[in-house]
Amino acid sequence: MSNNTSSANRSRREYERLRRALGQGGYLSQGSVQDRTARRGGGAGYQWTRKVAQKTMTVALTAEQFAEMKKAIANYRQLRRQLRKMEQLSRRIIFHGAPHPSRRKRLPPQVLGTN
């Protein structure tokens, strides 16, 4: 039982650490950016691309906008990773902390989403 308790405590501490880190990021944006300035024959320069209602939207950017969007997209991806980890930890805490209904077999972590 103490192993379960220490695992639950570790999960709670990790969840709290991630929760506090959520407010530390900067600007956020979905999508991706491309630097097309090195292409032969000129071209689009800097671009930001994202999906809106199953359609790809592309916007031309200045060099300054490109740099800021690149940071915003990196922040967004980091935030998504943190949220996925927080989801996993939340399920682990909930399923290990509350009693389960009786079953013949134990549910694997893949079913519970705690792996």
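The accessible surface of the protein chain comes to about 8,900 Å², and 51% of that area belongs to carbon and sulfur atoms (areas come from the Shrake-Rupley method with a 1.4 Å probe; for residues, only the protein chains shown count as cover). This is a predicted model, in which local features need pLDDT of at least 70 and side-chain atom pairs count only at pLDDT 80 or more, while totals for chains, interfaces and linings use all residues. Residues are numbered from 1 along each chain as its sequence is written, and side-chain values use heavy atoms, with hydrogens and water left out.

**The overall layout**

- You can find three helices and three strands in the protein chain (DSSP runs numbered from the N terminus: H or I of at least four residues for helices, E of at least two for strands).
- Along the sequence, their order is α-β-β-β-α-α.
- Of the chain's 115 residues, 23% count as buried (under 20% relative accessible area with a 1.4 Å probe, protein chains only; exposed is over 50%, and partly exposed lies in between).
- Among contacts with a separation of 6 or more, 50% involve residues 24 or more positions apart (contact means heavy atoms within 4.5 Å).

**Helix α2**

- Helix α2 has 35 residues and reaches 51 Å from its first C-alpha to its last, close to the 51 Å expected at 1.5 Å a residue (the expected span is 1.5 Å times one less than the number of residues).
- Buried residues in α2 include F66, M69, I73, Y76 and L79.

**The largest nonpolar core**

- Six residues make up the largest nonpolar core: Y46, W48, L61, F66, M69 and I73 (a core is a set of buried Ala, Val, Leu, Ile, Met, Phe, Trp, Tyr and Cys residues joined through side-chain atoms within 4.5 Å).
- β2 and α2 each supply at least two residues of this core, and the largest share, three residues, comes from α2.
- Leaving aside neighbours within four places in sequence, L61 is in contact with V33, Y46, Q47, W48, F66 and M69.
- As background, nonpolar side chains tend to be buried together in soluble globular proteins.

**The aromatic pair**

- A search of the whole structure finds one aromatic pair (ring centres of Phe, Tyr or Trp, using the six-membered ring of Trp, within 6.5 Å; planes under 30 degrees apart are stacked, over 60 edge-to-face and the rest tilted).
- Y46 and F66 form this tilted pair, with 4.7 Å centre to centre and 35° between the planes.
- The pair links distant parts of the chain, 20 residues apart: Y46 is in strand β2 (residues 45-52) and F66 in helix α2 (residues 63-97).
- Y46 counts as buried because its relative accessibility is 18%, and F66 is buried at 13%.
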